[in-house]
Amino acid sequence: MLLIKNGYLIDPQSGRKGIYDILINKDKIVKIASFIMEIDLTEEEREDLQIIYADNMMIAPGLVDVHVHFRDPGFTYKEDIFTGAQAAAKGGFTTIVLMANTKPVVDNLDTLKYVVNRCKKTNIHIWTCATVTKGLQGKDLTDMHSLKEHGAVGFTDDGIPLLDENIVTAAMKNAKELNVPLSFHEENPALISENGINHGKASDYYNIIGSPRAAEIDMIARDLSLAMKLDAPIDIQHISTKEGVELVRQSKFEMMKRKHMTPPAPKLQEELIDLMELEQSERPIISMEISQQLNIHAEATPHHFSLTEDAVIEHGTLAKMNPPLRTEKDRQAIITGLKDNTIDIIATDHAPHSAEEKEKPITEAPSGIIGLETSLALGITNLVKNGPLTYMELLEKMTINPATMYHLDCGYIAEGGPADLVIFNEHSHVISDSASKSDNTPFKGQTLIGEVQYTICNGKIVYQRKES
């Protein structure tokens, strides 16, 4: 048995917060109380009892990340399922959903079974998506019904946008029938010259054209329009533009209106409104409960709410990603979207690459950064301590919201519920060595607030910070 003493519990699903003890037996939480006495346990339970003293620490549901690349199979020199699981546990994550752009891609049962079987051998919960189209070619749908039956929890061609509207429509109909989310990488390649660098200050610095914001806006508008017609479950991945945030916001409000949910937006217009110009009290808020009932979801990454294109000028390829880092106005719009639940999920898009690949010239190096080990600290530092979110609001987007979208039994703390927890403090620490195989992050060397002390999955300690 495991007893956690005197930690400050935060559970977004129930709204419970305060100092509690938590008793765990095997893989379940059996008791949550203000004070649990060891004397109340049987002699046998006391003999096998492990105690964590969580004074001055916070206890939250194990974090859930639904946008992760572990590069297995095919690119295991960058990451594999086991090293990825170690990085996840170090970051406080107990549940992960993998993307399907491996080699071979997860578009067939053999590859799916390989990934599922590998995931079962780790000490955290790892699920996987399958691709929407065969070979990520955007032409022919995979057998979504069979892939779901054999373990796929969602579908995405992440990394490559779906350009054929008929394919997207057919996939949305299947997703609605199967009750699984479709996750969309929203960049129109016809509008992009060199991806990974924002068309603006950063592209001017490197003397290239880069990726204009219109490439994202165009695809988000199309996919929201189709999803609204079908009421299909979709996830707009790694949103990077203020216009993209507003498109999602207006679509959510329109869907609320159709479903007779309240409160509607106080200012529904055909044009996009700039919420950054409104006073905080005037900005419409979508409750967590209503947001979870809608089929439209959106993600923000920690790097998009923490950095701007200035980071690409400073860090080069270590800050190159798709979609690219953009302007301060875009960053602030993303933070506003997180505050009002337009954006209901924080996901890392953990994308490991080798040092050799990232040392290539800016136009040749691959896009993407690792993110599992810095996600919580970036959220605490930039959204809670230096931003408008409470701990409860931050954690709902890192636990119960992504779990709900994927219909996973995790992301909450309750008696009888899964014993998946993260215990962390508010100490400052410098980002240094990674548990990942890769080290491609612009955050290395930065001082952030919030340090994971323990990660508990299935009632077992799968990560414990070592005293330096």
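1. Let's start with helix α7, residues 214–230, in this predicted model.

2. Two of the strands under discussion are partners: β10 (residues 182–184) and β11 (residues 234–236) pair in the parallel sense, with three bridges between them. If you want a spot to look at, find Leu-182, which stands opposite Ile-234 in β11.

3. Now for the whole sheet. Eight strands make up an open sheet with parallel pairing, and their order is β6-β7-β8-β9-β10-β11-β12-β13. At the edges sit β6 (63–68) and β13 (345–346), each of which pairs on one side only.

4. Is β7 (residues 93–98) mostly covered or mostly open? Mostly covered: six of its six residues are buried.

5. On one side, β7 runs parallel to β6, and four bridges join the two. Val-64 has Thr-95 in β7 as its bridge partner. To get from β6 to β7, the chain passes through helix α2 (residues 81–90), and this β-α-β crossover is right-handed.

6. Strand β7 also pairs with β8 (residues 125–130), again in the parallel sense and over four bridges.

Key: Residues are numbered from 1 along each chain as its sequence is written. This is a predicted model: local features need pLDDT of at least 70, side-chain atom pairs count only at pLDDT 80 or more; totals for chains, interfaces and linings use all residues. Side-chain values use heavy atoms; hydrogens and water are left out. Two strands pair if DSSP finds at least two bridges between them. Contact means heavy atoms within 4.5 Å. Axes are lines fitted to C-alpha atoms, for helices over the stretch in contact, and angles run from 0 to 180 degrees between N-to-C directions. Buried means under 20% relative accessible area, exposed over 50%, partly exposed in between (1.4 Å probe, protein chains only). A crossover is right-handed if, with the strands pointing away from the viewer, the path from the first strand over the helix to the second runs clockwise.
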